Amino acid sequence: MLKYLKSRLYQRMYLKSWTSGASFLKYPPREIFIEPTNHCNLRCMMCPQSKGLKRPAGYMDMELYKKLIGQIKGLNLRKVSLFMGGEPLLHPRIIEMIKIAGREGLAARLHTNGTLLNKELNREIILSGLNTISFSFDGETKEKYEKMRRNADYGDVLERIRSFLKDRAALGRKLPYVQIQVIKDYGGLAEKPAVSEDFKKLFSGLPVDKFSAIWFLSFGSHLVNSGIKYPEGKFYEPCRQLWSRFAVGWDGKAFACCIDSHGELQIGDTVNQGIMDIWNAEPMRKLRLLMAEKRLQELPGLCRSCNLIWSDRDYQKLCRA
């Protein structure tokens, strides 16, 4: 297969397929999420973990992981995201997982709550070849952070992340690329969430590559009627994820959505199916068709109630472009 994933050709193929509602895709997914584990040490208010997951908890077997990485390498994907429904640093062999991906030329990405960082682990992560680490810090103040991040201490986690940044600087490394993400309360007024300058000052002089802010997600139907506010746009927009990526749980089961913590949208099983087979199998093609045709009542509840299928821009203009 030609190495077109970095090129404009891939982008054109993806946009054409998405806007036309194609159900069978000639190109591979742009990104695969691999879940090292769905165990988590926190019970954050906005996460399905707070109420307990509906699927078994476990850790990915290394032979399965190597098999997946081999397939991903063969498809010429550029990156692999090592997280989904749990805290990836809980996997006892997470550093080895990162190194395996790196040896195969893949840019590995972690999204972590940062609570488990320490001097030894910092060094291992920094020297592992990890491409990107994103810290899900979420509350800019102690009050907001500890309200959302149950079982975590604001000051402790702040210092752990600051220490990680100091260690990266001391080791003279530019990677992993560091992003710090916060969740903002949605008031319906701001066009785009932004990280406060006061919060940024907490990391003054430290090598943070990017600060980012997001609104609360509905996590499909799981935060509906929760009292948490999240944006809902005026225009329907089919979920781009179905045309660009999917996720693999710790046990090899494949899911259409990377925020499907409960495993409600299973589209295959990588234990006995290849990635491209799953990518164009009937479950995924059916979801694309229902999305493209806006058959909301036939969509699974997780998709039907998700705020991400509503946008402030008119998707139809893209289709006509």
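**Entry 1: an aromatic pair**

I looked up F199 and found 1% relative accessibility, so F199 counts as buried (buried means under 20% relative accessible area, exposed over 50%, partly exposed in between, with a 1.4 Å probe and protein chains only). The model is a predicted one: local features need pLDDT of at least 70, side-chain atom pairs count only at pLDDT 80 or more, and totals for chains, interfaces and linings use all residues. Residues are numbered from 1 along each chain as its sequence is written, and side-chain values use heavy atoms, without hydrogens and water.

I searched the whole structure for aromatic pairs and got 13 (rings of Phe, Tyr and Trp, the last by its six-membered ring, pair if their centres lie within 6.5 Å; planes under 30 degrees apart are stacked, over 60 edge-to-face, the rest tilted). F199 and F211 make an edge-to-face pair, with 6.3 Å between centres and 80 degrees between planes. F199 is in helix α7 and F211 in strand β6, so the pair ties together parts 12 residues apart in sequence (helices are DSSP runs of H or I, at least four residues; strands are runs of E, at least two; both are numbered from the N terminus). I noted F211 at 25% relative accessibility, so F211 counts as partly exposed.

**Entry 2: helix α2**

Which residues of α2 are buried? I listed M62, L64, Y65, L68, I69 and I72. They cover an arc of only 155 degrees around the axis, which puts them on the same side of α2 (the arc is that of the directions from the helix axis to the C-beta atoms). On the other side, I found E63 and G74 exposed. Just after α2, N76 takes a positive phi of about 65 degrees.
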